[in-house]
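Thanks, everyone. I would like to walk through one model this morning, and I will ask you to keep the sequence and the structure in view while I talk.

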Amino acid sequence: MTLLKLTTTSATLLGLAFAVSTLTAHAAELPPASTQTGVTYAGNIKAIFDHSCTKCHGGKKPKAHLKLDSLAGAMKGSKDGKVILPGDSAKSQMILAVSHATKDHHDWMPPLHNRAGIKPLTPEQIGLLRAWIDQGAK
Ligand code: HEC
């Protein structure tokens, strides 16, 4: 009886621990926002986009009609709408895409194994993008 009770208790505890870990797993997928202040497109972000994104999201035929070679283009978004929500990086499609936090890996950016050989952003770069968006995406 005591043994049974003990087993039930540990099973409940295990279940709880599991529930907590799966709940937090989602938020943990996003690298934390940088604590840097005064982050701007011109000062900090354009260089990241130029290095990792504008080969596809620039020029005359940008992929998904999303242009990242200007602040106006980034704010305008894609054929499907806004990809940046100023003040809310955790819900911005762009952050979910670069953090590989969307269910469909076709949404991950830059695309995995792209022919141009462009590598995923680093957690530091994603943190800077998050800080920029959280600070209003200026
Ligand atoms: C090698 C080409 C390539 C590179 C590099 C690239 N993308 Fe993309 N991107 C695409 C394609 C293609 C799509 C359309 C995917 C689809 O609709 O399935 C897309 C779609 C997107 C979307 C989703 C648009 C929407 O609402 O459907 C976002 C956001 C995005 N890219 C951001 C970025 C960012 C940020 C970078 C750089 C860190 C980047 N991409 C680099 C090719 C690229």
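Let me begin with what covers the buried residues of α2, a cover that includes α5; please bear in mind throughout that this is a predicted model. The residues of α2 that count as buried are I45, I48, F49 and S52. On the face of α2 that is turned away from the buried side, we have the exposed residues A42 and G43. As for the geometry of α2, the helix has 12 residues, yet its end C-alpha atoms are only 15 Å apart, which is short of the 16 Å that a straight helix would reach at 1.5 Å a residue.

Of the 138 residues in the chain, 24% are buried. Among contacts with a separation of 6 or more, 58% are between residues 24 or more positions apart.

Which residues have the most contacts inside the largest nonpolar core? They are I95, V98, L128, L129 and W132, in a core of 23 residues. At least two residues of this core come from each of α2 (41–52), α4 (93–98) and α5 (123–134), and α5 supplies the largest share, with 6 residues. As general background, nonpolar side chains in soluble globular proteins tend to be buried together. To take L128 in more detail, and leaving aside its neighbours within four places in sequence, this residue is in contact with S34, Q36, V39, N44 and I48, and I48 is, as I said, one of the buried residues of α2.

Turning now to the ligand, 23 residues surround it, the closest being C53, C56, K63, S78 and M109. By class, the shell divides into 14 nonpolar, 6 polar and 3 charged residues, and α4 gives the most to this shell, with 4 residues.

I will finish with A116, which lies in the loop between α4 and α5. Is A116 buried or exposed? Because A116 has 9 C-beta neighbours inside 10 Å, and a residue with 12 or fewer is classed as exposed, A116 counts as exposed. Along the chain A116 and K55 are 61 residues apart, whereas their C-alpha atoms are separated by 8.4 Å.

Terms used
Residues are numbered from 1 along each chain as its sequence is written. This is a predicted model: local features need pLDDT of at least 70, side-chain atom pairs count only at pLDDT 80 or more; totals for chains, interfaces and linings use all residues. A nonpolar core is a set of buried Ala, Val, Leu, Ile, Met, Phe, Trp, Tyr and Cys residues joined through C-beta atoms within 7 Å. A residue is buried if 20 or more other C-beta atoms lie within 10 Å of its own, exposed if 12 or fewer, and partly exposed in between; C-beta atoms are placed from the backbone. Two residues are in contact if their C-beta atoms, placed from the backbone, lie within 7 Å. A residue is near a molecule or strand if its C-beta atom, placed from the backbone, lies within 6 Å of it. Ala, Val, Leu, Ile, Met, Phe, Trp, Tyr, Cys and Pro count as nonpolar, Asp, Glu, Lys and Arg as charged, and the others, Gly among them, as polar. The expected span of a helix is 1.5 Å times one less than its number of residues.
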